[in-house]
Amino acid sequence: MEDNYTQMVHVLERVAEVNRVVTLPCIQRKTGLKIVSHGQNHGMIVTETDLNVSKSLLNPLRAIYPGSFSEEDDSAERLKSREIYQVDPIDGTGDFVDTYQSSKVMGPTTLVSRLTRGSLTDRFAPIAGLIFDAVHEIALVSDGNEIGLYRVRTDGKIEEVKFERTTPEKTDKVKI
């Protein structure tokens, strides 16, 4: 069985693929970002892109973890599950909508967390997660013990980027 970190790297492969097919075309063409719900505030806007990314990520995850859910697509199976994935297909949708037709788009991120609990009466707790920047196609993956930086190559494959973390005393920049 794979460890939590390795599982998140495999989820990242799907996240990168989905964002290339669904999110990037909206950004590149500056069209197609149709709002389907304005929600109660700017942070609750839902677009067709949110729904498409959510569906494309949840379908394979639910095959193994049926209770997996997103803000746009909850699952009653979550109540009967001990392990699930939580997906925010496009974090920052409101800012993305406001800027995607400009040259200074505030790019959305896709957030995925793997959650677990000891029993059905316990609260879920995160055990691993990732943050994927759809515009720059970079991601952070962590399981709380290990953290990795990844990027999407031109051929669509992901690769780890080695980096050295420095302290402010050494430099004010992170070497990548």
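What follows is a working chat about a predicted model.

Biologist: What order do the strands of the open sheet come in?
Modeller: This is a predicted model. Its open sheet has 7 strands in the order β3-β4-β5-β6-β7-β8-β9, and the pairing is mixed. The edge strands are β3 and β9 (158–161), each pairing on one side only.

Biologist: Do β3 and β4 pair in the parallel or antiparallel sense?
Modeller: Parallel, over 2 bridges. Phe 69 has Gln 86 in β4 as its bridge partner.

Biologist: Which strands does α1 touch?
Modeller: α1 packs on the sheet and touches β4, β5 (109–116), β6, β7, β8 (147–152) and β9. The direction of α1 makes about 35 degrees with that of β6.

Biologist: And which strands does α2 lie across?
Modeller: β3, β4 and β5, and α2 runs at about 160 degrees to β4.

Biologist: What span should α2 have, going by its residues?
Modeller: Helix α2 has 17 residues (residues 48–64), so at 1.5 Å a residue it should span 24 Å. The end C-alpha atoms of α2 are 25 Å apart, which agrees.

Biologist: Where does α2 bend?
Modeller: At Leu 58, by about 30 degrees. A proline, Pro 60, follows within four residues.

Biologist: Which residues in α2 are buried?
Modeller: Thr 49, Asp 50, Val 53, Ser 54, Leu 57, Leu 58 and Leu 61. As background, an α-helix has 3.6 residues a turn, so residues three or four places apart point the same way.

Biologist: Changing topic, how many salt bridges are there?
Modeller: The count comes to 9. One of them joins the side chains of Glu 137 and Arg 20, at 2.7 Å from N to O. Glu 137 lies in the loop between β6 (125–133) and β7 (138–142), and Arg 20 lies in helix α1 (residues 4–29), so the pair ties together parts that are 117 residues apart in sequence.

Biologist: Is Glu 137 buried or exposed?
Modeller: Buried, with a relative accessible area of 10%. Arg 20 is partly exposed, at 29%.

Biologist: What about Glu 159, which residue does it form a salt bridge with?
Modeller: Arg 151, with the closest N and O atoms 2.6 Å apart. Glu 159 is partly exposed at 23% relative accessible area, and Arg 151 is partly exposed at 42%.

Technical notes. Residues numbered from 1 in each chain as written. Predicted model: local features only at pLDDT ≥ 70, side-chain atom pairs only at ≥ 80, totals over all residues. Heavy atoms only, no water. Expected span 1.5 Å × (residues − 1). Bend = angle between axes of the 7 residues up to and from the residue. Buried < 20%, exposed > 50% of the residue type's maximum accessible area, 1.4 Å probe, protein only. Salt bridge = Lys/Arg side-chain N within 4 Å of Asp/Glu carboxyl O. Pairing = 2+ DSSP bridges. Contact = heavy atoms within 4.5 Å. Axes fitted to C-alpha atoms, helices over the stretch in contact; angles between N-to-C directions.
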